[in-house]
Amino acid sequence: MTDHRSFHDGCQDGLKALHSLDLDQVHTFKGLVQAMGRTAFGGRRLGEALEVLTEMARTPGCFKVMSISGAMTVAKQGKIVSDLIDRGVVDAIVATGALVTHGLTESFGNVHYAVPHDANDEELFDKGYNRIYDTLEMEANLNDLAEIIAGIMDRQQRSEPWCSSAICRAIGEELDRRDEGPGILRSAYRRGVPVYIPAFTDSEMGLDLATWAMARKRGTDGEAADCFNHVPSYNPFLDLQDYAQRAIAADTLGIFTIGGGVPRNWAQQVGPYADITARRLGISLPEIKFKYAVRICPEPDHWGGLSGCSYSEGVSWGKFIPQSEGGRHSEVHADATTVLPLLAKALFENLES
(Lines give C-alpha, C1' and ligand atoms only; values in the text may rest on other atoms or scores of the structure.)
Protein backbone atom coordinates (compact mmCIF):
# COMPACT_ATOMS: atom_id res chain seq x y z
CA MET A 1 0.00 0.00 0.00
CA THR A 2 1.41 3.33 -1.08
CA ASP A 3 1.40 6.22 1.40
CA HIS A 4 0.34 9.35 -0.50
CA ARG A 5 0.72 11.68 2.45
CA SER A 6 3.02 14.67 2.24
CA PHE A 7 4.83 15.33 5.51
CA HIS A 8 4.83 19.09 5.99
CA ASP A 9 6.90 21.19 8.35
CA GLY A 10 4.68 23.38 10.55
CA CYS A 11 7.06 26.32 10.36
CA GLN A 12 7.01 26.31 6.56
CA ASP A 13 3.21 26.23 6.64
CA GLY A 14 3.14 29.26 8.92
CA LEU A 15 1.75 27.42 11.93
CA LYS A 16 2.07 28.93 15.39
CA ALA A 17 4.64 27.11 17.52
CA LEU A 18 3.80 26.32 21.14
CA HIS A 19 6.17 26.90 24.04
CA SER A 20 6.52 25.20 27.40
CA LEU A 21 5.40 27.47 30.22
CA ASP A 22 8.54 28.54 32.09
CA LEU A 23 7.47 30.22 35.31
CA ASP A 24 11.04 31.33 36.02
CA GLN A 25 10.68 33.66 33.04
CA VAL A 26 7.35 35.11 34.16
CA HIS A 27 7.46 38.33 36.21
CA THR A 28 4.10 40.03 35.54
CA PHE A 29 0.46 39.07 35.18
CA LYS A 30 0.44 40.03 31.50
CA GLY A 31 3.60 37.99 31.02
CA LEU A 32 1.91 34.96 32.58
CA VAL A 33 -1.27 35.23 30.50
CA GLN A 34 0.71 35.87 27.32
CA ALA A 35 2.86 32.81 28.07
CA MET A 36 -0.31 30.78 28.70
CA GLY A 37 -1.47 31.92 25.26
CA ARG A 38 1.44 29.97 23.77
CA THR A 39 0.38 26.72 25.48
CA ALA A 40 -2.89 24.82 24.91
CA PHE A 41 -6.48 24.22 26.00
CA GLY A 42 -7.98 26.82 28.36
CA GLY A 43 -4.65 28.52 28.91
CA ARG A 44 -4.28 29.35 25.23
CA ARG A 45 -7.85 30.64 25.09
CA LEU A 46 -7.15 32.95 28.01
CA GLY A 47 -4.07 34.30 26.25
CA GLU A 48 -6.12 34.89 23.10
CA ALA A 49 -8.78 36.65 25.16
CA LEU A 50 -6.14 39.07 26.46
CA GLU A 51 -5.08 39.87 22.90
CA VAL A 52 -8.65 40.58 21.80
CA LEU A 53 -9.54 42.65 24.87
CA THR A 54 -6.37 44.72 24.57
CA GLU A 55 -7.03 45.52 20.91
CA MET A 56 -10.69 46.28 21.68
CA ALA A 57 -9.75 48.66 24.50
CA ARG A 58 -7.19 50.47 22.34
CA THR A 59 -9.40 50.87 19.26
CA PRO A 60 -10.62 54.50 18.88
CA GLY A 61 -14.36 54.84 18.33
CA CYS A 62 -15.12 51.34 19.61
CA PHE A 63 -18.31 51.09 21.68
CA LYS A 64 -17.32 48.53 24.31
CA VAL A 65 -20.17 46.64 25.99
CA MET A 66 -19.88 44.36 29.01
CA SER A 67 -22.69 41.91 29.67
CA ILE A 68 -22.71 40.13 33.03
CA SER A 69 -24.92 37.48 34.57
CA GLY A 70 -24.55 35.24 37.56
CA ALA A 71 -23.74 36.25 41.13
CA MET A 72 -20.48 38.00 40.30
CA THR A 73 -20.94 40.79 42.85
CA VAL A 74 -21.87 38.55 45.76
CA ALA A 75 -18.82 36.53 44.68
CA LYS A 76 -16.82 39.73 45.33
CA GLN A 77 -15.84 40.46 41.72
CA GLY A 78 -17.61 43.83 41.58
CA LYS A 79 -14.49 45.94 42.17
CA ILE A 80 -13.00 44.44 39.00
CA VAL A 81 -16.04 45.61 37.02
CA SER A 82 -15.71 49.07 38.59
CA ASP A 83 -12.04 49.16 37.59
CA LEU A 84 -12.91 48.21 34.00
CA ILE A 85 -15.30 51.15 33.91
CA ASP A 86 -12.88 53.57 35.58
CA ARG A 87 -10.12 52.67 33.12
CA GLY A 88 -12.34 53.24 30.08
CA VAL A 89 -12.46 49.58 29.04
CA VAL A 90 -16.27 49.52 29.27
CA ASP A 91 -18.72 52.02 27.72
CA ALA A 92 -21.98 50.25 28.67
CA ILE A 93 -23.04 47.56 31.12
CA VAL A 94 -25.85 45.05 30.55
CA ALA A 95 -26.52 43.03 33.68
CA THR A 96 -29.03 41.13 35.75
CA GLY A 97 -30.88 43.03 38.44
CA ALA A 98 -29.66 40.54 41.04
CA LEU A 99 -26.03 41.24 40.18
CA VAL A 100 -26.53 44.99 40.57
CA THR A 101 -28.57 44.56 43.76
CA HIS A 102 -25.96 42.44 45.54
CA GLY A 103 -23.29 44.91 44.50
CA LEU A 104 -25.34 47.74 45.98
CA THR A 105 -25.67 46.14 49.39
CA GLU A 106 -21.87 46.13 49.52
CA SER A 107 -21.58 49.68 48.15
CA PHE A 108 -23.88 50.95 50.90
CA GLY A 109 -21.68 49.41 53.59
CA ASN A 110 -23.22 45.98 54.17
CA VAL A 111 -21.40 42.64 54.26
CA HIS A 112 -21.69 39.21 52.61
CA TYR A 113 -20.61 36.08 54.46
CA ALA A 114 -19.30 32.63 53.59
CA VAL A 115 -21.72 29.76 54.17
CA PRO A 116 -20.62 27.51 57.07
CA HIS A 117 -19.90 23.94 56.00
CA ASP A 118 -22.56 22.60 58.37
CA ALA A 119 -25.24 25.09 57.32
CA ASN A 120 -28.88 24.01 57.16
CA ASP A 121 -31.02 25.93 54.67
CA GLU A 122 -34.10 25.90 56.88
CA GLU A 123 -32.10 27.41 59.71
CA LEU A 124 -30.59 29.96 57.34
CA PHE A 125 -34.08 31.07 56.35
CA ASP A 126 -35.16 31.40 59.96
CA LYS A 127 -32.14 33.59 60.68
CA GLY A 128 -32.70 35.82 57.66
CA TYR A 129 -29.80 34.54 55.57
CA ASN A 130 -30.32 34.07 51.83
CA ARG A 131 -27.90 31.49 50.38
CA ILE A 132 -26.28 31.97 46.98
CA TYR A 133 -24.24 28.77 46.54
CA ASP A 134 -21.48 29.27 49.15
CA THR A 135 -22.27 32.89 50.03
CA LEU A 136 -24.87 34.57 52.22
CA GLU A 137 -26.84 37.75 51.57
CA MET A 138 -28.71 38.94 54.65
CA GLU A 139 -32.37 39.80 54.20
CA ALA A 140 -31.69 42.81 56.43
CA ASN A 141 -29.29 44.10 53.74
CA LEU A 142 -32.06 43.96 51.15
CA ASN A 143 -34.52 45.69 53.47
CA ASP A 144 -32.02 48.49 54.04
CA LEU A 145 -31.51 48.78 50.29
CA ALA A 146 -35.27 49.02 49.68
CA GLU A 147 -35.46 52.03 52.02
CA ILE A 148 -32.52 53.71 50.31
CA ILE A 149 -34.01 53.19 46.84
CA ALA A 150 -37.40 54.47 48.01
CA GLY A 151 -35.73 57.62 49.31
CA ILE A 152 -33.92 58.12 45.99
CA MET A 153 -37.15 57.67 44.04
CA ASP A 154 -38.98 60.15 46.30
CA ARG A 155 -36.31 62.82 45.81
CA GLN A 156 -36.17 62.48 42.03
CA GLN A 157 -39.68 63.87 41.39
CA ARG A 158 -39.51 62.40 37.87
CA SER A 159 -42.42 63.18 35.54
CA GLU A 160 -41.44 60.89 32.64
CA PRO A 161 -41.42 57.07 32.86
CA TRP A 162 -38.50 55.32 34.49
CA CYS A 163 -36.25 52.77 32.80
CA SER A 164 -33.50 50.65 34.30
CA SER A 165 -30.63 52.85 33.11
CA ALA A 166 -32.28 55.95 34.60
CA ILE A 167 -32.77 54.19 37.95
CA CYS A 168 -29.17 52.96 37.94
CA ARG A 169 -27.93 56.45 37.14
CA ALA A 170 -29.95 57.92 40.04
CA ILE A 171 -28.58 55.32 42.44
CA GLY A 172 -25.04 55.91 41.16
CA GLU A 173 -25.44 59.62 41.83
CA GLU A 174 -26.50 58.85 45.41
CA LEU A 175 -23.50 56.55 45.87
CA ASP A 176 -21.21 59.32 44.65
CA ARG A 177 -22.84 61.82 46.99
CA ARG A 178 -22.37 59.54 49.99
CA ASP A 179 -18.77 58.75 49.02
CA GLU A 180 -18.67 55.59 51.14
CA GLY A 181 -16.60 53.49 48.76
CA PRO A 182 -16.42 52.09 45.22
CA GLY A 183 -19.28 50.48 43.35
CA ILE A 184 -20.30 49.56 39.82
CA LEU A 185 -23.11 52.13 39.69
CA ARG A 186 -20.94 54.83 41.21
CA SER A 187 -18.21 54.28 38.64
CA ALA A 188 -20.81 54.14 35.87
CA TYR A 189 -22.33 57.44 37.03
CA ARG A 190 -18.97 59.19 37.19
CA ARG A 191 -17.95 57.96 33.72
CA GLY A 192 -21.34 58.45 32.05
CA VAL A 193 -21.62 54.69 31.39
CA PRO A 194 -25.23 53.46 31.08
CA VAL A 195 -26.21 50.35 33.04
CA TYR A 196 -29.10 48.42 31.48
CA ILE A 197 -31.07 45.69 33.29
CA PRO A 198 -33.28 44.06 30.62
CA ALA A 199 -35.10 41.69 33.00
CA PHE A 200 -35.56 44.39 35.62
CA THR A 201 -38.61 42.91 37.34
CA ASP A 202 -36.68 39.67 37.91
CA SER A 203 -34.70 41.21 40.75
CA GLU A 204 -34.88 42.72 44.20
CA MET A 205 -34.50 46.16 42.61
CA GLY A 206 -37.58 45.53 40.50
CA LEU A 207 -39.52 44.44 43.57
CA ASP A 208 -38.29 47.54 45.41
CA LEU A 209 -39.65 49.76 42.65
CA ALA A 210 -42.98 47.92 42.70
CA THR A 211 -43.44 48.15 46.48
CA TRP A 212 -42.37 51.82 46.42
CA ALA A 213 -45.05 52.57 43.82
CA MET A 214 -47.69 50.62 45.74
CA ALA A 215 -46.84 52.36 49.01
CA ARG A 216 -47.18 55.80 47.40
CA LYS A 217 -50.45 55.12 45.55
CA ARG A 218 -52.59 53.03 47.87
CA GLY A 219 -55.45 54.52 49.85
CA THR A 220 -54.95 56.36 53.12
CA ASP A 221 -57.11 53.86 54.98
CA GLY A 222 -54.24 51.38 55.00
CA GLU A 223 -56.12 48.66 53.12
CA ALA A 224 -53.85 46.90 50.63
CA ALA A 225 -56.24 44.49 48.95
CA ASP A 226 -55.87 46.31 45.63
CA CYS A 227 -52.17 47.13 45.99
CA PHE A 228 -51.14 45.04 42.97
CA ASN A 229 -53.29 47.24 40.75
CA HIS A 230 -50.75 50.03 41.26
CA VAL A 231 -48.08 49.81 38.58
CA PRO A 232 -44.89 51.94 38.47
CA SER A 233 -44.38 54.29 35.56
CA TYR A 234 -41.75 52.22 33.79
CA ASN A 235 -40.90 51.71 30.10
CA PRO A 236 -38.14 49.20 29.17
CA PHE A 237 -38.16 50.35 25.56
CA LEU A 238 -36.40 53.54 26.67
CA ASP A 239 -33.40 51.32 27.47
CA LEU A 240 -33.63 49.46 24.17
CA GLN A 241 -33.77 52.58 22.02
CA ASP A 242 -30.98 54.32 23.93
CA TYR A 243 -28.70 51.31 23.60
CA ALA A 244 -29.48 50.92 19.89
CA GLN A 245 -28.70 54.58 19.19
CA ARG A 246 -25.34 54.33 20.94
CA ALA A 247 -24.44 51.19 18.99
CA ILE A 248 -25.48 52.67 15.66
CA ALA A 249 -23.41 55.80 16.29
CA ALA A 250 -20.23 53.82 17.03
CA ASP A 251 -17.43 53.19 14.55
CA THR A 252 -16.81 49.68 15.90
CA LEU A 253 -18.51 47.37 18.39
CA GLY A 254 -16.93 45.13 21.01
CA ILE A 255 -18.45 42.96 23.73
CA PHE A 256 -17.00 41.35 26.84
CA THR A 257 -19.40 38.77 28.26
CA ILE A 258 -19.34 37.10 31.66
CA GLY A 259 -21.83 34.22 31.75
CA GLY A 260 -24.84 34.34 29.46
CA GLY A 261 -28.56 34.62 30.06
CA VAL A 262 -30.73 37.62 29.25
CA PRO A 263 -27.92 40.21 29.47
CA ARG A 264 -25.93 38.44 26.77
CA ASN A 265 -28.84 38.05 24.36
CA TRP A 266 -30.17 41.57 24.91
CA ALA A 267 -26.73 43.09 24.33
CA GLN A 268 -26.05 41.02 21.20
CA GLN A 269 -29.42 41.46 19.50
CA VAL A 270 -28.73 45.08 18.54
CA GLY A 271 -27.41 43.96 15.15
CA PRO A 272 -30.52 42.03 14.14
CA TYR A 273 -32.64 44.83 15.63
CA ALA A 274 -31.04 47.40 13.35
CA ASP A 275 -31.35 45.05 10.37
CA ILE A 276 -35.05 44.31 10.75
CA THR A 277 -35.79 47.96 11.56
CA ALA A 278 -34.18 49.06 8.30
CA ARG A 279 -36.02 46.43 6.26
CA ARG A 280 -39.44 46.81 7.87
CA LEU A 281 -39.40 50.60 7.90
CA GLY A 282 -37.74 50.97 4.51
CA ILE A 283 -34.94 53.15 5.86
CA SER A 284 -31.17 53.09 5.66
CA LEU A 285 -29.17 52.10 8.74
CA PRO A 286 -25.52 51.07 9.03
CA GLU A 287 -24.74 47.39 9.48
CA ILE A 288 -24.32 46.71 13.19
CA LYS A 289 -22.13 43.74 14.07
CA PHE A 290 -19.64 43.14 16.86
CA LYS A 291 -16.05 42.97 15.66
CA TYR A 292 -14.52 42.14 19.05
CA ALA A 293 -16.03 39.51 21.32
CA VAL A 294 -14.68 37.81 24.44
CA ARG A 295 -16.75 35.43 26.57
CA ILE A 296 -15.98 33.73 29.88
CA CYS A 297 -18.53 31.03 30.68
CA PRO A 298 -18.32 27.33 31.59
CA GLU A 299 -21.54 26.52 29.72
CA PRO A 300 -21.06 24.20 26.68
CA ASP A 301 -22.96 24.76 23.46
CA HIS A 302 -24.51 21.29 23.20
CA TRP A 303 -27.31 22.10 25.69
CA GLY A 304 -28.73 24.46 23.09
CA GLY A 305 -29.04 27.52 25.32
CA LEU A 306 -27.70 30.98 24.58
CA SER A 307 -25.37 30.93 27.59
CA GLY A 308 -23.25 28.34 25.81
CA CYS A 309 -23.87 29.52 22.27
CA SER A 310 -20.65 30.00 20.29
CA TYR A 311 -19.78 33.22 18.50
CA SER A 312 -19.74 31.21 15.29
CA GLU A 313 -23.43 30.47 15.79
CA GLY A 314 -24.00 34.17 16.45
CA VAL A 315 -22.52 34.94 13.03
CA SER A 316 -25.51 33.13 11.48
CA TRP A 317 -27.81 35.66 13.21
CA GLY A 318 -25.86 38.64 11.93
CA LYS A 319 -24.60 39.56 15.40
CA PHE A 320 -20.85 39.24 14.79
CA ILE A 321 -18.38 39.92 12.01
CA PRO A 322 -16.99 36.53 10.90
CA GLN A 323 -13.36 35.93 11.78
CA SER A 324 -12.69 35.36 8.08
CA GLU A 325 -13.72 39.00 7.53
CA GLY A 326 -11.72 40.53 10.38
CA GLY A 327 -13.80 39.65 13.43
CA ARG A 328 -11.84 38.80 16.56
CA HIS A 329 -13.53 36.35 18.92
CA SER A 330 -12.31 34.44 21.96
CA GLU A 331 -14.23 32.11 24.26
CA VAL A 332 -12.86 30.91 27.60
CA HIS A 333 -14.79 27.98 29.08
CA ALA A 334 -14.19 28.55 32.77
CA ASP A 335 -15.68 29.82 36.01
CA ALA A 336 -15.19 33.57 35.75
CA THR A 337 -14.12 33.89 39.40
CA THR A 338 -11.02 31.83 38.59
CA VAL A 339 -9.90 33.62 35.41
CA LEU A 340 -11.44 37.14 35.35
CA PRO A 341 -9.08 38.51 38.04
CA LEU A 342 -6.05 37.20 36.16
CA LEU A 343 -7.30 38.42 32.79
CA ALA A 344 -8.27 41.87 34.08
CA LYS A 345 -4.95 42.38 35.87
CA ALA A 346 -3.05 41.39 32.74
CA LEU A 347 -5.22 43.72 30.65
CA PHE A 348 -4.56 46.66 32.97
CA GLU A 349 -0.81 46.03 32.78
CA ASN A 350 -1.05 45.94 28.98
CA LEU A 351 -2.90 49.24 28.86
CA GLU A 352 -0.41 50.89 31.22
CA SER A 353 2.61 49.87 29.14
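This short talk describes a sheet, a pair of helices and one histidine in a predicted model.

Let me begin with the sheet. Six strands make up an open sheet, and their order is β6-β2-β1-β7-β8-β9, with parallel pairing. Which strands stand at the edges? They are β6, residues 195-196, and β9, residues 328-332; each has a single partner strand, so one side of each has no neighbour in the sheet. The pairing of β6 with strand β2, residues 92-95, is parallel and rests on two bridges. Within that pairing, Val94 has Tyr196 in β6 as its bridge partner. A helix also packs on this sheet: α3, residues 78-86, touches β1 (62-68), β2 and β7 (252-258). The direction of α3 makes about 170 degrees with that of β1.

I turn now to two helices. Two packed helices are described by the angle between their axes and by the distance between those axes. For helix α11, residues 261-268, and helix α12, residues 270-281, the axes come within 5 Å and cross at roughly 40 degrees. Because of that angle, α11 is oblique to α12. On the α11 side, Trp266, Ala267 and Gln268 take part, and they meet Val270, Gly271 and Pro272 in α12. Sorted by class, this contact holds four nonpolar residues, two polar residues and no charged ones.

Finally, I come to His102, which is found in helix α4, residues 97-107. Is His102 buried or exposed? Its relative accessibility is 13%, and under 20% means buried, so His102 counts as buried. Beyond its neighbours within four places in sequence, His102 is in contact with Thr73, Val74, His112, Ile132 and Glu137.

Methods: Residues are numbered from 1 along each chain as its sequence is written. This is a predicted model: local features need pLDDT of at least 70, side-chain atom pairs count only at pLDDT 80 or more; totals for chains, interfaces and linings use all residues. Side-chain values use heavy atoms; hydrogens and water are left out. Axes are lines fitted to C-alpha atoms, for helices over the stretch in contact, and angles run from 0 to 180 degrees between N-to-C directions. Helices (H or I, at least four residues) and strands (E, at least two) are DSSP runs, numbered from the N terminus. Angles under 35 degrees count as roughly parallel, over 145 as roughly antiparallel, 65 to 115 as roughly perpendicular and the rest as oblique. Contact means heavy atoms within 4.5 Å. Ala, Val, Leu, Ile, Met, Phe, Trp, Tyr, Cys and Pro count as nonpolar, Asp, Glu, Lys and Arg as charged, and the others, Gly among them, as polar. Buried means under 20% relative accessible area, exposed over 50%, partly exposed in between (1.4 Å probe, protein chains only). Two strands pair if DSSP finds at least two bridges between them.
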